[in-house]
Amino acid sequence: MIEGKSLRVYFKSRDVLVKALDGVNVSVKDKEIVGIVGESGSGKTTLGRTILNLQRPDSGEVLWNGKNVFKLKGKEEKEFRRQNQIIYQNPYEAVDIRLKVYDIVAEGLRVHNIPKNREEERKIVLDTLRDVGLTPEEEYAKSLPNQLSGGQLQRVAIARALVLNPSFMVADEPVSMLDMSIRAGVLDIFKRLRDERGISIMMITHDISTLGYVADRIYVMYQGKVIEHGSTDAVLDKPLHPYTQGLISAVPIPDPSGRASLFSVKVKEETEPYNGKGCKYYPKCPFAMASCREKEPELSGVSSDHYVACFLY
Ligand SMILES: Nc1ncnc2c1ncn2[C@@H]1O[C@H](COP(=O)(O)OP(=O)(O)OP(=O)(O)O)[C@@H](O)[C@H]1O
């Protein structure tokens with residue numbers, strides 16, 4: 001339903017060119033949760049923002065049900081904004097903390113002129129609060145953000161997006177600021193939105209174990225490139241790229257599925273600067289070969305649901 005093609009986003013800061021996205025292809029189908037994982041600075045947020053037309057790419061296109069989102073105008077653009085929502089990492093920054101929960105959630109409805117009257121607005125807002133697990137909903141509707149926990153406020157932020165009946169959401173590190181004990185509850189909301197409402201979700205995280213819990217497919221990013229992607233089972237059970245293997249072996253908490261313990265790949269301390277032409281990972285790669293210094297490997301399929309950019313395969 002939404003597809004990014006050959007996306008390039010370059011930032012220039014103090015004469016240094018940062019390739020935040022360096023030719024990224026990504027797709028999210030109907031009713032699926034796609035995970036985007038990688039370390040800080042790998043380009044995940046830039047990808048989410050570009051897909052939602054919050055960041056113009058230097059080149060490439062984003063197709064939404066076949067339409068180029070950068071060319072949408074007027075009514076169609078407004079409809080795109082309604083149907084495609086973003087959830088941020090920090091709910092305290094995402095909502096206006098002076099407003100009551102009711103008004104935070106109702107705001108988007110009013111912008112889009114959705115309810116015909118106050119009664120209808122109230123029904124939609126309260127139903128949505130219940131839908132994200134904030135019950136009794138009348139009580140929550142009257143609260144101010146500073147009376148809520150981080151987990152409850154993130155649910156409010158989800159409600160604010162959900163109230164517009166979107167078909168796609170980018171969730172950018174939606175649980176990384178929350179206590180471990182409440183993360184699963186919030187992630188379950190996204191699974192329910194997929195299963196019950198058929199919403200497609202792009203879930204951005206630096207924590208690959210989160211994706212084992214929610215994602216149908218995973219894209220692994222490294223320095224502005226997708227270096228591996230495939231079904232969640234393929235990527236987690238048989239990670240191919242040495243970087244992905246490193247991410248999985250670094251999962252700190254013992255993974256009950258036993259996946260983490262299968263890999264204990266050592267990451268080489270970076271010993272040489274990147275030469276600008278080889279694989280971006282070779283300075284850290286314990287398996288680097290001469291060819292890895294010469295050119296960048298392209299993504300290629302090892303099976304119908306698993307792709308990797310690495311000369312080992
Ligand atoms: N507006 C900007 N101006 C300059 N550089 C930027 C800008 N936005 C992002 N960058 C740079 O682009 C690169 C990718 O950033 P991005 O935030 O997309 O990565 P990320 O994987 O989401 O990281 P994080 O998890 O830390 O948010 C980084 O090197 C970042 O410093």
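## Around the ligand

In this predicted model, the shell around the ligand consists of nine polar, three nonpolar and one charged residues. That shell has 13 residues, and the closest to the ligand are Phe11, Ala20, Ser40, Thr45 and Thr46.

Which elements supply at least two residues each of the shell around the ligand? They are the strands β1 (2-13) and β2 (16-28) and the helix α1 (44-51). The largest share comes from α1, with three residues.

Where the domains touch, 18 residues of domain 1 are in contact with 20 residues of domain 2. On the side of domain 1 that touches domain 2, at least two residues each come from α9 (208-214), β9 (217-222), β10 (225-231) and α10 (232-237). Strand β10 gives the most to this side, seven residues. By class, this side of domain 1 has nine nonpolar, six polar and three charged residues.

## Helices α4 and α5

Two packed helices are described by the angle between their axes and the distance between the axes. For helix α4 (residues 101-111) and helix α5 (residues 118-131), the axes come within 10 Å and cross at roughly 120°. The crossing of α4 and α5 is right-handed.

Which residues of α4 meet α5? They are Tyr102, Val105, Ala106 and Leu109, and their partners in α5 are Glu121, Ile124, Val125, Thr128 and Leu129. The contact of α4 with α5 is made up of seven nonpolar, one polar and one charged residues.

Note on methods: Residues are numbered from 1 along each chain as its sequence is written. This is a predicted model: local features need pLDDT of at least 70, side-chain atom pairs count only at pLDDT 80 or more; totals for chains, interfaces and linings use all residues. A residue is near a molecule or strand if its C-beta atom, placed from the backbone, lies within 6 Å of it. Helices (H or I, at least four residues) and strands (E, at least two) are DSSP runs, numbered from the N terminus. Ala, Val, Leu, Ile, Met, Phe, Trp, Tyr, Cys and Pro count as nonpolar, Asp, Glu, Lys and Arg as charged, and the others, Gly among them, as polar. Axes are lines fitted to C-alpha atoms, for helices over the stretch in contact, and angles run from 0 to 180 degrees between N-to-C directions. A crossing is left-handed if the near helix is turned anticlockwise from the far one by less than a right angle, and right-handed if clockwise. Two residues are in contact if their C-beta atoms, placed from the backbone, lie within 7 Å.
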